[in-house]
Amino acid sequence: MREKYSGLQIAIHWLVFLLVIVTWCAMDLRGFFSREYRPWFNMVHVSCGMTILVLMIARLVIRLKRPAPPITPKPKPWMTGMAHLGHLVIYLLFIALPIIGLCLMYNRGHPWLAFGLVMPHAADSNFELVDFFKHYHVLLAKTSYYVVGLHALAALLHHYIWKDNALLRMMPKKKR
Ligand code: HEM
Ligand code: HEM
């Protein structure tokens, strides 16, 4: 039985972590800069957001094929149950959030850029739909701060308090 997640799973996990930080910061810090930089912040936000969507789907497919490596010492059943529920919520959240963002941008009905390329958009603006998607995008985006915070806290509790190998299974191999 493997002791750790695979190198690919570990790489995607930490790459998504970095991309989520950049995606959050692009929105939360854009107000501190002059308005002329706004399109640049927006493009960074949507480009990283779309990359997160692709990586989350890829890692979900990999995860469905490869069971998670066991934690030693074995946690209590309620902890394992909470972890499974938490991971399911994270997958759903970081797949739904960028999809809703894409629906929002599409229905604005004017050209927008991701990765420096013009993306498809509706022929006409539909403000009702834009407001609907924006409401849920902002709601899920705010939820994502708490979900990631709790997830990181759980990982640290595993490592420092319960002293099992949960976190080490998600860490890159040490070079000897
Ligand atoms: C996992 C990926 C994503 C995360 C974590 C995320 C997070 C956020 C956050 C934190 C905000 C600011 C919310 C606020 O005003 O309090 C925001 C706004 C926004 N996001 Fe995303 N987002 C993601 C993906 C996307 C994608 C893929 C798109 C579009 C292609 C997108 C389009 C937008 C737009 C247009 C706004 C601005 C709404 C406005 O204030 O006009 N987002 N997002
Ligand atoms: C945006 C940030 C993050 C996202 C989206 C995220 C997402 C995920 C997901 C979906 C899994 C489940 C993997 C599976 O399918 O089995 C996972 C596992 C894990 N994550 Fe994160 N994570 C984030 C940040 C962090 C941070 C900051 C830490 C550490 C402080 C961390 C530590 C772990 C550990 C230890 C596991 C393995 C848990 C287990 O198998 O029981 N993650 N993460």
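User: What classes of residue make up the shell around ligand 1?
Analyst: This is a predicted model. In it, the shell around ligand 1 has 14 nonpolar, six polar and one charged residues.

User: Which residues come nearest to ligand 1?
Analyst: Met-27, Gly-49, Pro-98, Gly-101 and Ala-141 come nearest, out of 21 residues around ligand 1. The elements giving two or more residues to that shell are α1, α2, α3 and α4.

User: Which element gives the largest share of the shell around ligand 1?
Analyst: Helix α3 does, with seven residues.

User: Now ligand 2. How many residues are around it, and which come nearest?
Analyst: There are 20 residues around ligand 2. Val-20, Arg-63, Ala-152, Ala-155 and Met-170 come nearest. Two or more residues each come from α1 (7-28), α3 and α4.

User: And how does the shell around ligand 2 divide by class?
Analyst: Into 15 nonpolar, three polar and two charged residues.

User: Step back a bit. What pattern does the protein chain follow along the sequence?
Analyst: The pattern is α-α-α-β-β-α. That is four helices and two strands. The C-alpha trace spans about 55 × 35 × 30 Å along its principal axes.

User: What percentage of the protein chain is buried?
Analyst: Buried residues make up 12% of the 176 residues.

User: Which residues form the largest nonpolar core?
Analyst: Six residues form the largest nonpolar core: Val-16, Cys-48, Ile-52, Met-56, Phe-94 and Leu-97. Two elements, α2 (38-65) and α3, each give two or more residues to this core. Helix α2 gives the most, with three residues.

User: On to packing. At what angle do α3 and α4 pack?
Analyst: Helix α3 (residues 77-108) and helix α4 (residues 127-161) pack at about 155°, and their axes are 9 Å apart. That angle makes α3 roughly antiparallel to α4, because it is over 145 degrees.

User: Which residue classes are in the contact of α3 with α4?
Analyst: That contact has 16 nonpolar, seven polar and two charged residues. As for handedness, α3 passes α4 in a left-handed crossing.

User: What about α2 and α3, what angle there?
Analyst: About 140°, with the axes of α2 and α3 9 Å apart. The two helices are therefore oblique to each other. The cut-off for roughly antiparallel is over 145 degrees. The crossing of α2 past α3 is left-handed.

User: Some single residues next. Is Val-54 buried or exposed?
Analyst: Val-54 counts as exposed, because it has 10 C-beta neighbours inside 10 Å. Exposed means 12 or fewer. Val-54 is found in helix α2.

User: How far apart are Val-54 and Pro-98 in space?
Analyst: They are 9.7 Å apart, C-alpha to C-alpha. In sequence, Val-54 and Pro-98 are 44 residues apart.

User: Where does Cys-103 sit?
Analyst: In helix α3. Cys-103 is partly exposed, because 17 other C-beta atoms lie within 10 Å. Counting as buried takes 20 or more.

Definitions and conventions
Residues numbered from 1 in each chain as written. Chains lettered and ligands numbered in written order. Predicted model: local features only at pLDDT ≥ 70, side-chain atom pairs only at ≥ 80, totals over all residues. Axes fitted to C-alpha atoms, helices over the stretch in contact; angles between N-to-C directions. Parallel < 35°, antiparallel > 145°, perpendicular 65-115°, else oblique. Left-handed = near helix turned anticlockwise from the far one by under 90°. Nonpolar A, V, L, I, M, F, W, Y, C, P; charged D, E, K, R; others polar. Near = placed C-beta within 6 Å. Core = buried A, V, L, I, M, F, W, Y, C linked by C-beta atoms within 7 Å.
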